[in-house]
Amino acid sequence: MKKVNSVKKTTLHKSASDEDKFIDLLLRPASWSDYIGQERIKKNLNLILRAAKKRNKSIDHLLFYGPTGLGKTTLATLVAKEMSANLKITTGPAIQKVGELAAVLSSLEDRDVLFIDECHRLNRQIEEVLYPAMDSHKLHLVIGKGLGSRMISLDLPAFTLIAATTRPNLLSNPLRARFGATFQIDYYTTNEIETIIQRSARLMGVKIEPGAVSVLARVSRFTPRIANRLLKRVRDFIEVNNLEIIDNNAVNETLKFLEIDCLGLEPCERRLLEVIIKKFNNRPVGINTLTAALSEEKGVIEEVYEPYLIKLGLLQRTPLGRVTTEAAYKHLKITNK
């Protein structure tokens, strides 16, 4: 009997996970007109794509960088679709050996688009193999070891590499220089997030009041992925409570349950600010010290927590370390002695 219950729970969990994946796919923009925001980038990409079509060539290699959840993968998907090209997706951590990169590159066909997310996590050995692949569509491989080793070169089809990263400073200069265009994807405006929420609610078949849209937009951290995630959780709330529409109360109750405050901060981010203020008396704190104090990975602090806190003006990076601002004291309701 216990085995049956266990199977049922697993099946339900898998079903919920599959539904979330389906919704994520449904909400992902399928055309340039569906892609809200980043107007400057869309305008520049349009010029690059039109020129490549006119020459009947594959487009230059592209680099997208910016915080997570802002649409880098979606942009790569739309570029491939615009060029009627196949899109192959991988990540930097998934390519640790030269053989793994060789397998990916050798599977490409003419004018395919290869998207590498988290490209800052590619090791230098992998980058060395990428250089000739990007420059002259050649794959150089060393066969054997020692004096008996030899190099062979394989021709690759003309392909486009689109790389994405949240840490452009970690890319080597030789790799960065090989991209024909580099685009910084910035946070969205509140109005753009509101438009995204309205579109997502419509696609999900959920009714939402204008006031609720505004509240959700304010706590979505200027990030479409977070806006859609929160919208799904509020949808869960109204379904469980047999409500027909998302209103302010539904949003506020969901945010309270998720422990998300009026600025969109989660407990881990509030704790980061509190640790700097209370434990270190707001003296400059190094990243390694913060990592130990919070029992959190360095990459999570630098790539997930800090960008939004800095944008809100609650945190500053100084040459000596991290310090909070007066706004952080005010938000956390801590007296600045």
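Colleague: Let's start with the sheet: how many bridges join β2 to strand β3?

Modeller: Keep in mind that this is a predicted model. Strand β3 covers residues 113-117 and runs parallel to β2. To find the pair by eye, look for Lys88, which stands opposite Leu114 in β3. The number of bridges joining β2 to β3 is five.

Colleague: In what order do the five strands of the open sheet come?

Modeller: β1 (residues 62-65) pairs with β6 (residues 160-165) in the parallel sense over four bridges, and Leu63 stands opposite Ala163 in β6. β1 is also joined by four bridges to β7 (residues 181-184), again parallel, with Leu62 opposite Ala181. Put together with the β2 end, the order is β2-β3-β6-β1-β7.

Colleague: Which strands stand at the edges, each with a single partner strand?

Modeller: The sheet is an open one, with parallel pairing. An edge strand has a single partner, so one side of it is left without a neighbour in the sheet. The strands in that position are β2 (87-91) and β7.

Colleague: How much does the twist average from one strand to the next?

Modeller: Follow the strands in their order, β2-β3-β6-β1-β7. From one strand to the next, the twist averages 15°.

Colleague: And helix α2, which packs on the sheet: what angle does its direction make with that of β7?

Modeller: Helix α2 spans residues 39-55. It touches two strands, β1 and β7. Its direction makes an angle with that of β7 of about 165°.

Colleague: What do β8 and β9 form?

Modeller: Strand β8 (residues 315-318) is joined to strand β9 (residues 321-324) by four bridges, and they run antiparallel. Thr318 has Gly321 in β9 as its bridge partner. With two residues between them, β8 and β9 form a hairpin.

Colleague: Now the helices: are α11 and α13 roughly parallel or roughly perpendicular to each other?

Modeller: Their axes lie 11 Å apart, and they pack at an angle of about 80°. Angles of 65 to 115 degrees count as roughly perpendicular. The two helices are therefore roughly perpendicular.

Colleague: Which residues of α13 make the contact with α11?

Modeller: From α11 come Cys268, Glu269, Leu272 and Leu273. The residues of this contact divide into seven nonpolar, no polar and one charged. On the α13 side, the contact is made by Ile301, Val304, Tyr305 and Leu309.

Colleague: Let's move on to the pockets. Which helix gives the most to the lining of the largest pocket?

Modeller: That pocket has a volume of about 1000 Å³. Of its 44 lining residues, the closest to the centre are Thr68, Gly69, Leu70, Arg225 and Ile226. Several helices each supply at least two residues of the lining, including α1 (2-27), α3 (72-82) and α7 (190-204). The one that gives the most, with six residues, is α9.

Colleague: What about the second largest pocket: which helix gives the most to its lining?

Modeller: About 380 Å³ of space lies in this pocket. Closest to its centre, out of 16 lining residues, are Thr166, Arg167, Glu302, Pro307 and Arg317. The lining divides into six nonpolar, four polar and six charged residues. The helix that gives the most, with four residues, is α13.

How values were computed. Residues numbered from 1 in each chain as written. Predicted model: local features only at pLDDT ≥ 70, side-chain atom pairs only at ≥ 80, totals over all residues. Heavy atoms only, no water. 1 Å grid on protein atoms, 1.4 Å probe; cavity = no way out; pocket = protein on both sides within 12 Å on 5 of 7 lines; lining within 4 Å. Points joined across faces, edges and corners; volume = space filled by probe spheres on them. Nonpolar A, V, L, I, M, F, W, Y, C, P; charged D, E, K, R; others polar. Axes fitted to C-alpha atoms, helices over the stretch in contact; angles between N-to-C directions. Parallel < 35°, antiparallel > 145°, perpendicular 65-115°, else oblique. Contact = heavy atoms within 4.5 Å. Pairing = 2+ DSSP bridges.
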